Amino acid sequence: MAIFRYPNWRWPEIPGALEDFERARRQMDRLLSVFTGGVSNPTSSGVFPPLLVTEDENTIYVEAEIPGIKAEDLDISVVGRTLTLSGERKPEEAQNVNYHRRERKWGSFRKALTLPEDVNADAVRAECKNGVLKLVLPKPEQVKPRKITIKSE
Amino acid sequence: MAEKDLQIEEKQEVQATGESTRNVPVFVPAVDIYESENALTLVADMPGIPIESVDIDLDSDQLTMRGTIAMQDEKGKVIFREYTAGDYYRQFTLSSDIDRDKIQASMKDGVLKLVLPKAEAAKPRKITIQSS
């Protein structure tokens, strides 16, 4: 089991900046892959499934690409700030066939992610559609930003 | 079953197959292809693509599959990213004759499955050796 710790720094809040960086990174990767013969995502933990974590004021959203995994083969748990995804991708049962290509991988996985903030574990919602898992993790009241009004005498 | 841990397979971007007008990355889906006596089956991982956005085209022996993602705004700001959503595109040249009227395509949990039945002429025939 691998534990990925969420990085302490944050991207500056410029709309589209991260997408631009990401695009630049991909182009750079493509250039460099000529020399290295394939590169890996520097921010990737390397553990299946690949995640996309976003947050807004009230909620943390976690998405994962899990093509071919049925909802019943997937276990999701939240303990404190640790979100754990585990499960198994089963090989397709085809008999008496000859394989020409076999690129799709199968096996079991366990991945833990430390969330940047506490979440209300009872209110977590999970949805799986078209091979993409979407988790909605609401933040508890006490960590939500509060607007403080200043009273003038 | 043997213990085997899944690793992330870095998505491979399609290298210059004519530029797309949409500003989204185009990836090469991981594919399994297997052949039985009667059919050629193709299984492709296309997470995030609904069935109605998959285009399959068979032009003589050139099979093209394309999955178009519905880009939606990501909620909130991104704090950690291991993948990018995008389109999928892949092309194959088929060797055996395919009965085009009987091609079946289905999609489940982001996995496309194409069953391409072989035409009668391409099915294997058992050859019996006659001894005189």
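Let's start at R125(B), which sits in the segment after β10 of chain B. Along the chain R125(B) and E37(B) are 88 residues apart, and their C-alpha atoms are separated by 9.6 Å.

A word on the model before we go further. It is a predicted one, in which local features need pLDDT of at least 70 and side-chain atom pairs count only at pLDDT 80 or more, while totals for chains, interfaces and linings use all residues. Residues are numbered from 1 along each chain as its sequence is written, and chains are lettered from A and ligands numbered from 1 in the order in which they are written.

Now to the sheet in chain B. Five strands make an open sheet with mixed pairing, in the order β1-β2-β8-β6-β5; two strands are said to pair if DSSP finds at least two bridges between them. Its edges are β1 (12–13) and β5 (54–59) of chain B, each of which pairs on one side only. β5(B) and β6(B) run antiparallel, paired over six bridges. Along this pairing, V54(B) stands opposite G67(B), and I56(B) has M65(B) as its bridge partner. Two residues lie between the strands of this hairpin, where S60(B) takes a positive phi near 45 degrees.

Which residues form the covered face of β6(B), and which the uncovered one? L63(B), M65(B) and G67(B) are on the covered face, whereas Q62(B), T64(B) and R66(B) are on the uncovered one.

From the covered face we can move on to the nonpolar cores. A nonpolar core is a set of buried Ala, Val, Leu, Ile, Met, Phe, Trp, Tyr and Cys residues joined through C-beta atoms within 7 Å. The largest has 23 residues, and those with the most contacts inside it are V31(B), L42(B), A44(B) and L112(B). At least two residues each come from β2 (26–28), β3, β4, β6 (62–67), β8 (87–93) and β10 (111–117) of chain B. The most, five residues, come from β4(B). Leaving aside residues up to four places away in sequence, L112(B) touches A44(B), M46(B), V54(B), M65(B), A105(B) and M107(B), where contact means C-beta atoms, placed from the backbone, within 7 Å. A second, separate core of 18 residues includes L83(A), L85(A), V132(A) and L133(A).

That brings us to chain A, which has one helix and nine strands. Along the sequence the pattern reads β-α-β-β-β-β-β-β-β-β. Of its 153 residues, 22% count as buried. Among its contacts between residues at least 6 apart in sequence, 55% join residues at least 24 apart.

How do the two chains meet? In all, 37 residues of chain B are in contact with 48 residues of chain A. On the chain B side, β3 (31–35), β4 (39–45) and β7 (77–81) are the elements that give two or more residues. That side divides into 17 nonpolar, six polar and 14 charged residues; Ala, Val, Leu, Ile, Met, Phe, Trp, Tyr, Cys and Pro count as nonpolar, Asp, Glu, Lys and Arg as charged, and the others, Gly among them, as polar. Strand pairing also crosses between the chains: four bridges join β2 (residues 51–55) of chain A to β7(B), and the two run antiparallel. In this pairing L52(A) stands opposite R81(B).

Finally, a few backbone details are worth a look. F48(A) and P49(A) are joined by a cis peptide bond, with omega about -5 degrees, and P49(A) lies in the loop between α1 (17–36) and β2 of chain A. N130(A), although not a glycine, has a positive phi of about 50 degrees. N130(A) belongs to the loop between β8 (125–129) and β9 (132–138) of chain A, and counts as buried because it has 21 C-beta neighbours inside 10 Å. D109(B), again not a glycine, has a positive phi of about 50 degrees. Its place is the loop between β9 (104–108) and β10 of chain B, and D109(B) counts as partly exposed, with 18 C-beta neighbours inside 10 Å.

Conventions. Contact = placed C-beta atoms within 7 Å. Buried ≥ 20, exposed ≤ 12 C-beta atoms within 10 Å, placed from the backbone.
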